[in-house]
Structures are given as structure tokens and as C-alpha cells.
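Please look over the following structure together with its sequence. The report below goes through it section by section.

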Amino acid sequence: MSASNCLTANAWICGEYLRTRREELIDATLQHVAITGTAVVLAVLLAFPLALLARRYRRLTGTVLTLTTVVYTIPTLAMYALLLPVFGISAAVVVCGLVLYSLTILVRNMLAGLDGVPEDVREAARGMGFGPGRLLFRVELPLALPALMAGVRIATVSAVSLTTVGAIVGNGGLGNLIYSGMDSLFKAQVLTASVLCVVLAVVADVLLLGVQRALTPWVRARDGRGGRRRGGATDPGDGGDAPDGGDGAVTPGGGGGPDPLAKPANDDRPIAAGAPGARQEAGQ
Amino acid sequence: MNAFLDAWTWLTTADHWAGPGGIWTRLGEHLYLTGVSMVIACVLTLPLALWLGHTPVASGGGGRGKRLGSAVAVNITNAGRAVPTFAVLVVLMLTPLGEGGVTTPTVIALVLFALPPLLTNAYVGAAEADPDVVEAARGMGMSSRQLMLRIELPLAFPMVMTGIRTATVQVVATATLAALVGGGGLGRIITAGFANQNTAQVVAGAVLVAALALVVEGVLVVAQRLLTPGRGTGARDRAAREELPAEGREDGARAVGAPSGTA
């Protein structure tokens, strides 16, 4: 009895709400994940050739970076509104907006990651007879991976949060629940959806961190030795930490003070560094 | 493309600029919200950030203070990225704070989202003040307070300004969301357009909001350049060195606050 009272009393936290609206919550969460996931995957696929192009034609680099900065400055609501005439009221508006925002982060980080590959390593690979393709996929890309993944993590966490605004076109995943909850002053719905959003972001970040570690086992092996290097973990804007700051390897303690003027050291920092890219991102 | 032409027509109609719901009024509201929030955020954050950046040096270089500062900076930054502004706004609206109107919750949300870039940048600026210079100043017999105000603050200034710029652009962007909860500001033009199913107005509002964000960004870049102390001397090199990163920082820090930043 008391359980259903929390609905009538419009409490912030309500078990009855969770039970009765389970389907609705799951649907919204799934939509949220689908929108965010599609956007980030598309953005990664697009960012890769863009970063390669920008690297190949140096003159393009400045243009690409300026353009991405401009895109990032556009507020979400405006972005979705601007895309409205192109796609009509649909999930495509939100996905496209998120792709544009994610590209900004990803292209920058990929470029920084690729730039961070030491020339010596490249030289050595060439000397061993690596062609450009093999050099890229076997040497440069793996070395740029920490930076790349740092970018993916920032982009994903941001996208999870920005998806909520998609409620304006009815495709905001959990944002839809927040939006309708606001109109009906339904506190439990608003709070539950908000918390789920944050949880999604944290879970996504931790999962991606796991992927990053699985993909770059050598970084970990070196962790013990390089773990106490300066920099890295404490960078503002460093993607190297979970939003909750909960993942051990990258807690600030792991890496001394922030070092804004240091050049992005290549990749001989632990994951914490999230790497050159995160640094570049942070304008270090 | 038609929608964009219609939007242009909407924008060039004099009626849409004047009056209580006109563009000028909305722009005024937008700037007011931004200004109030930024002042509050700066007052709350900058002293704390400078203190966090200063502490370890004063206490004889023990790493603890610095680590504390770093921990605060990193975690607040990451939290800022993960928490959706829109959600915070709506939650605040439904608390007793929202009963008095939309302005208070909006300002609180804006202040919250201005904190991470302000705090991290100012903190890093102060914490990274050249140790030799700090050492020299202490050798000259400067007190802790003098050290903070006369050495670390000026040295941190470019970073503080970067933080202010980033935060302001973010707040301008976030103030747009106030419209979603029924507040004022330019976002209102967009939401009103949605309500009337007037795509031209939606697009026109979006153009205005985007333009405002870009103009504010541009103005602050120039202001930062003009205000940086000691430019034209050796500091110019430093400024120049920071130029490229500053570009990146902007994004990084915005990535920091990205959820709110672009929200």
C-alpha cells in the first residue's frame, strides 16, 4: 500500500514507478543506447578517413580543426533545429547532430594520436620494409589507439548526455521521459530517467576503458614502470578517467600533477594519459 | 533549402525583432542569464581554484595538496561531462527552487555547468606556475598571500581566461535549454517554433543561437588576447606557445563540459 502511495504522493524515488513503468523505461533506455551507439559508430567510421585526409594534406588540417571547433560551439538545441528541415522530425536529426559533435572530438584525437607516433618508430618500420598501408595498420594505428580511445570515450559520454535534448523532436531516449515528466510534474519519472542517463554514461565509459585495455595490453605491461610519470591523469579534459573517477588505473593519484606546458609525450604513459589526444584535446 | 529561405524571411521581418517576445527581448534575457551565472560561478570558483593550485607549494611542496586539487579538477570535469544539463534543469524545476519561477533553477544549472572549466583551468594555471619563479619570489620574502596574488595569479591568468571563455560559451549554449523548461532566452524562439510547427522560425532561432555562441566565442578570444598581461614581451612567446593549445584546450575543456557545453 505504501508502495503505491509514493506515486500518488509524487515522490522523487518510487519503487512502484520502477515496477509499473518498467517497459517504458526499458524502451527509452534502448532507444537512448541505439541513438548514441549509432552516432558514435558512424562518427568513428567517418572520422578515420577525415583524419587521414587531414594528415595527408597538411593544409587541410587547419581548416578541419577550425570547422570542427565551430561545429562544437553550436548549441545542441540549435543543432537539432537546424537539421530539422533536412531530416524532418525523426531520430536521424539526433543521430546526425551527435555524429557532428563526435566527429569534432574524434578527428582531433586521431590526428593527435597519429602525430604522436615517434618518427623513429616509423623509420624503423619502413626500414623493415613496411609499406604505407601496413605501416598505418600495424604500427601507427596501434600506437595511436590510446588517444583514439580517449576520444571515443569522451565522444560517447558526451553523446549519451546530449541525446536527452533530442526530446525536442521526440527522439531523445530517456530525454523523452524527462521531457514528459516535466510537463506532468512527475518527479519519479524525471529523476529515474536522469539517473539512468548518468548510469548509461558511466557504464559506457567503463566498457570502453575495458576495450581499450584489451586492445593495448602493452600499455598495461608497462604501467608499473611508467605509472608514476608526470602528467596524464590530471589533465582537465583528459578522457582518461571514468566519469565517476572510479577506475583505479587512471585516478589522479596515478600520475603526478597536471603538466599543461609539457609536450604530449608519445605514448609511454599509462592509460591514464588517455594519451596525446586527450592532452591535445585539453590544449596542453 | 526552402526552409532556410523561409528562415531568412522570418529573420528579416521587423515584427519578429520588436516587442515583449521579440528577438531583442530574448537576446537580452539570454545575455542576462549568462552574465549573472558567470559572475556567480567566477566568484565561487576562482578563489578556490587558485587556493587549490597554491596550497602544495606553500606547504613546502608536499604532493598531497596538489593531488587533492587534481582529484577535484578531474572528477568535477568528468562529472560535468556525464550529467545531462537538460536533466539537471528539469530536476531543479521540480524542486521547491522551481516554484518561484524558471530563473533560479536556470541560473543554478548554468552555474553548475560553468564550474568545471573554470575550476580546472584556473587550478592548472596556478598549480603550474613556473616553480623557479615561485621559488624566487619566496626567496624574496613574499608571504603566501603575496605569492598567490602577485605571482601565481598573473602567471595563471591566461589559463584563467581560457576557463572563463570556455565556461561562457558553454553557458551561452546551455542558456538555450532554459526555453525547454519555459524560461526565457533565445532558445524560446526555437521552442515556440516547434510549438507552432513553424519550421522557418525553428531554423531562424537556431541560426540566432548558433550565431550568438560563435560571436561570444570570437569576442572572448579577442578579449583574452588583449587582456593577457605582459603581452608584447616575453610573455608573448608564452602566449604564442599557448595559442595552438588554447585552440585545442577550448575544445578539450568543452569536451570536458561537452554535455553542457553544447547543450
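In which sense, left-handed or right-handed, does α6(A) pass α8(A)?

## Basis of the model

This is a predicted model, in which local features need pLDDT of at least 70 and side-chain atom pairs count only at pLDDT 80 or more, while totals for chains, interfaces and linings use all residues. Residues are numbered from 1 along each chain as its sequence is written, and chains are lettered from A and ligands numbered from 1 in the order in which they are written.

## A helix crossing in chain A

Two packed helices are described by the angle between their axes and the distance between the axes. The axes of helix α6 (residues 91–115) of chain A and α8(A) come within 8 Å and cross at roughly 155 degrees, where axes are lines fitted to C-alpha atoms, for helices over the stretch in contact, and angles run from 0 to 180 degrees between N-to-C directions. That angle makes α6(A) roughly antiparallel to α8(A), a term for angles over 145 degrees. The crossing of α6(A) and α8(A) is right-handed, meaning that the near helix is turned clockwise from the far one by less than a right angle.

## Chain B and its annotated spans

Chain B has 11 helices and zero strands, where helices (H or I, at least four residues) and strands (E, at least two) are DSSP runs, numbered from the N terminus. Of the 263 residues in chain B, 55% are buried; a residue is buried if 20 or more other C-beta atoms, placed from the backbone, lie within 10 Å of its own. Among the contacts in chain B with a separation of 6 or more, 74% are between residues 24 or more positions apart, a contact being a pair of residues whose C-beta atoms, placed from the backbone, lie within 7 Å.

An unreviewed UniProt entry annotates residues 31–52, 72–94, 106–126, 170–190 and 202–223 of chain B as "transmembrane region", and such annotations may be inferred rather than shown by experiment. Residues 31–52 of chain B are 100% helix, with end C-alpha atoms 30 Å apart, whereas residues 170–190 of chain B are 48% helix and 0% strand, with end C-alpha atoms 18 Å apart.

I178(A) is one of the buried residues of α9(A). Because eight of the 10 residues of helix α9 (residues 174–183) of chain A are buried, this helix is largely enclosed by the rest of the structure. Its buried residues pack against α3 (22–56), α8 (132–163) and α10 (187–215) of chain A together with α4 (85–94) of chain B. After α9(A) comes L185(A), with a positive phi near 55 degrees.

Seven of the nine residues of helix α8 (residues 187–195) of chain B are buried, including R188(B), I190(B) and F194(B). Just after α8(B), Q197(B) has a positive phi of about 50 degrees.

V202(B) belongs to helix α9 (residues 199–227) of chain B and is buried, with 30 other C-beta atoms within 10 Å. Leaving aside neighbours within four places in sequence, V202(B) is in contact with I190(B), G193(B) and F194(B), and also with A81(A) and L84(A).

Notes:
Buried ≥ 20, exposed ≤ 12 C-beta atoms within 10 Å, placed from the backbone. Contact = placed C-beta atoms within 7 Å. Parallel < 35°, antiparallel > 145°, perpendicular 65-115°, else oblique.
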